[in-house]
Amino acid sequence: MNDLYETIKPFLNKTILSKYKFGFAGEVYIEADKFEEEYNQYFLILEKYFSLKKPFYCNRNHTYYSTDISETTDLIKNIVIDAPIILSLELSYDNKRYIIFSLTEYMLSCIAKLVGVIFSYTNLDDVYYKELKEYLIDLTDYITRIIFDEELNQFPPLSLGLIDSIIMDMKELSISNIREYSEMDNILIMFVTYFALCDYIGEHDIIISPLQGAALIPPFYISMQKYTNMMNKGSGLAGYEYVRFSKYDNTHYCELSLLDQVHLLSHHYPESTNILLIDDSTGTAITLKSIKIELLKHFKKISTCALEYYWEGKIFKADYQSFQLDDIDLITPLCYRYFKILEEHIEYLKNVQDYNFRYDLVEFSKINMIYDKMDYCSYINSNCKEPSANIRTLNIYERIKEIMLILSRTND
């Protein structure tokens, strides 16, 4: 295997992400004194997307987490109008980049939430799924260029007529609500894990992820691969697909069973397709294993991966058995973010309640995502007996440590 990581590692020094302060939910903070004057000047536009969390402004508020389908589609229309206005303004360089980065994140979240609904209804899926999937790639291409400090060009265009048509068809099906958010809407985590996994990602033909939590991972990885592999003319990922399935989430309704969804996929891809199955997080790995079992009925080559794991379960006695190293092919040392804590933090971001939240604001300037009570090397060496899997898992662990160190040099 070519070590693509060593080839693309210089890109880590080019990213603007090391300049940002990331919060627990993936939100990004900017110092209030750097943002205040221009924020107040364009308040009527920016109040839709930002909230004041002294001494910072935060790029998420209640609109980001809306579950109302009309509010979400109105937000999409606002972004389509507001992004070109922002791009035309005489704003300071850092503020404009932060604003456009944030509006792109908003649009990614909104479109991903729509995709989650559209995929679940055959009538909607047949009409809109392909177009919205392609638009997600347009958005992740755009945010990737922002991440690597490229010139800000035209915001990815989207037909307002398309959005009107979608909401009209959804209302005919009595759909009024959508999911609050996709769990893996954390650009920093996806960025770090892409570099750690880049060699292994490139060995596959397509990515498949379960909706809703992992919706943004496949398009973001594809865009990162396209950008960082520009100097390499070799083949890359051919595309991505979704399945709608969860062993734990009772909101994963879909007209088609997992069996039927996979059967449809088999009509579009040959049996030899090398598939990378990625989820956002895992506790027991049951969801990943269940999807893999169905995929193996039609495809021969399936690798599994999640970005975050229930590592605490390796030390503390839990109500359920945490994942085993031989359950998953590509394992990161990133620690599973508890849903209860995440939900509390999101309430703080929405300003619904003024929580005295346990997450220290000082830590926004750090990149601490590895569970610090775990001796990963010893555990991996003791429990991962298959030599190639042992080497691969340790390699990913060491890469993530190195990547976070590189990013933290300018993040502190």
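Predicted model: local features only at pLDDT ≥ 70, side-chain atom pairs only at ≥ 80, totals over all residues.

**Helix 4**

- Look for a kink of about 30° at D82, shortly before the proline P84.
- D82 also turns up among the buried residues of the helix, along with I69, T72, T73, L75, I76, I79, A83, I86 and L87.
- What covers those buried residues? The cover includes helix 3 (43-46), helix 5 (93-120), helix 6 (122-147) and helix 7 (160-172).

- Is N61 buried or exposed? N61 is buried, because its relative accessible area is 3%, and the cut-off for buried is under 20%.
- The side chain of N61 has a polar atom 3.4 Å from the backbone oxygen of F50.
- The side chains of N61 and Y106 are joined by a polar contact of 3.2 Å.
- Setting aside residues up to four places away in sequence, N61 touches E47, K48, Y49, F50, S51, Y106, L349 and K350.

**Helix 8 meets helix 9**

- Two packed helices are described by the angle between their axes and the distance between the axes.
- For helix 8 (residues 187-201) and helix 9 (residues 217-228), the axes come within 10 Å and cross at roughly 65°.
- That crossing is right-handed.
- From helix 8, the contact is made by I187, M190, F191, T193, Y194, F195, L197 and I201.
- From helix 9, the residues making the contact are I217, F220, Y221, M224, Q225 and T228.

**Cis peptide bonds**

- The peptide bond from K54 to P55 is cis, and its omega is near 5°. You'll find P55 in the loop between strand 3 (51-53) and strand 4.
- Another cis bond goes from L211 to Q212, with omega near 15°. Q212 belongs to the loop between strand 5 (206-211) and helix 9.

**Positive phi without glycine**

- D149 isn't a glycine, yet its phi is positive, at about 65°. This residue is in the loop between helix 6 and helix 7, and it counts as partly exposed at 29% relative accessibility.
- S174 isn't a glycine either, and its phi is positive at about 60°. Its place is the loop between helix 7 and helix 8, where it is exposed, with a relative accessible area of 65%.

- T273 is in the loop between helix 10 (258-268) and strand 7 (274-282).
- At 5% relative accessibility, T273 counts as buried.
- How far apart are T273 and I302 in sequence and in space? They are 29 residues apart along the chain and 8.6 Å apart from C-alpha to C-alpha.
- Leaving out neighbours within four places in sequence, T273 is in contact with D205, I206, F299 and K301.

Conventions:
Residues numbered from 1 in each chain as written. Heavy atoms only, no water. Bend = angle between axes of the 7 residues up to and from the residue. Helix = DSSP H or I, 4+ residues; strand = E, 2+ residues; numbered from the N terminus. Buried < 20%, exposed > 50% of the residue type's maximum accessible area, 1.4 Å probe, protein only. Contact = heavy atoms within 4.5 Å. Polar contact = N/O pair within 3.5 Å; in protein donor to acceptor, adjacent residues only side chain to side chain. Axes fitted to C-alpha atoms, helices over the stretch in contact; angles between N-to-C directions. Left-handed = near helix turned anticlockwise from the far one by under 90°.
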